[in-house]
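Here is a short briefing to read with the structure open beside you. Take a moment to turn the model around before you start on the points below.

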Amino acid sequence: MWQQSFPVRCQESLAGENPYLSEKYRILNYARRMTTEETEMMRNTSLGTRVVEGCTVRAAMSGVGGAVLGLLMGGFMHAMQPPPDIDTSLSTMEQIRQSYKGFGQACIRMSRNFAKVGVVYAGMECFLERERAARDLPNAILSGCAAGGVLAFQGGPSGMALGCLGFAAFSAVIETVMDH
């Protein structure tokens with residue numbers, strides 16, 4: 001493809017003086033070589049495991065799981081509410097229709113809140129684990145505080161403070177019981 005226009009005889013003599021004639025620059029090998037332990041670890045770790053350990057994917061998975069759980073909980077909570085004033089002279093189907101009015105909105109509202117909690121809690125916990133290089137109780141408490149504050153954002157500063165305290169205490173109890 002490309003041919004030299006004149007013979008180069010000085011490469012051997014200039015290799016010690018010119019750093020750009022070294023092996024690193026001639027074949028563009030800028031990355032450091034991995035040790036045998038690192039290459040073995042990379043071989044044994046599947047791509048799926050490496051992807052799932054990322055903070056973004058972990059937070060997204062928690063958000064999806066929270067949304068699904070929120071849908072189920074929203075439906076359950078709506079079904080457990082006392083029925084509104086229903087006209088008993090109507091047919092059974094009409095009575096059921098009236099009692100389940102607002103079912104979809106309740107499910108979506110609960111789903112959105114559970115998804116928020118899942119994303120914020122998992123993302124914050126993963127971030128703190130990476131920054132502090134430890135998986136311990138303070139990570140769970142701080143993550144719970146952040147999730148509670150985000151969930152209670154519409155309640156103002158006092159609501160956010162109470163949400164922070166409540167979720168932090170709940171996270172501390174759960175982490176203590178789970179022995180993490």
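Predicted model: local features only at pLDDT ≥ 70, side-chain atom pairs only at ≥ 80, totals over all residues.

The protein has nine helices and zero strands, so its pattern along the sequence is simply α-α-α-α-α-α-α-α-α.

**The whole protein**
- Of the 180 residues in the protein, 20% are buried.
- The protein exposes about 13,500 Å², and 64% of that area comes from carbon and sulfur atoms.
- Counting contacts between residues at least 6 apart in sequence, 53% join residues at least 24 apart.

**Helices α7 and α8**
- Two packed helices are described by the angle between their axes and the distance between the axes.
- For helix α7 (residues 103-132) and helix α8 (residues 137-151), the axes come within 8 Å and cross at roughly 145°.
- The crossing of these two helices, α7 and α8, is right-handed.
- On the α7 side, the residues making the contact include Val117, Val120, Tyr121, Met124 and Leu128.
- On the α8 side, Pro138, Ala140, Leu142, Ala146 and Val150 are among them.
- Sorted by class, the contact of α7 with α8 has 12 nonpolar, four polar and three charged residues.

**Gln81 in its loop**
- You will find Gln81 in the loop between α5 (55-80) and α6 (92-99).
- Gln81 and Ser99 are 18 residues apart along the chain, and their C-alpha atoms are separated by 9.4 Å.

Note on methods
Residues numbered from 1 in each chain as written. Heavy atoms only, no water. Helix = DSSP H or I, 4+ residues; strand = E, 2+ residues; numbered from the N terminus. Buried < 20%, exposed > 50% of the residue type's maximum accessible area, 1.4 Å probe, protein only. Contact = heavy atoms within 4.5 Å. Areas by Shrake-Rupley, 256 points an atom, 1.4 Å probe, with all protein chains shown as cover. Axes fitted to C-alpha atoms, helices over the stretch in contact; angles between N-to-C directions. Left-handed = near helix turned anticlockwise from the far one by under 90°. Nonpolar A, V, L, I, M, F, W, Y, C, P; charged D, E, K, R; others polar.
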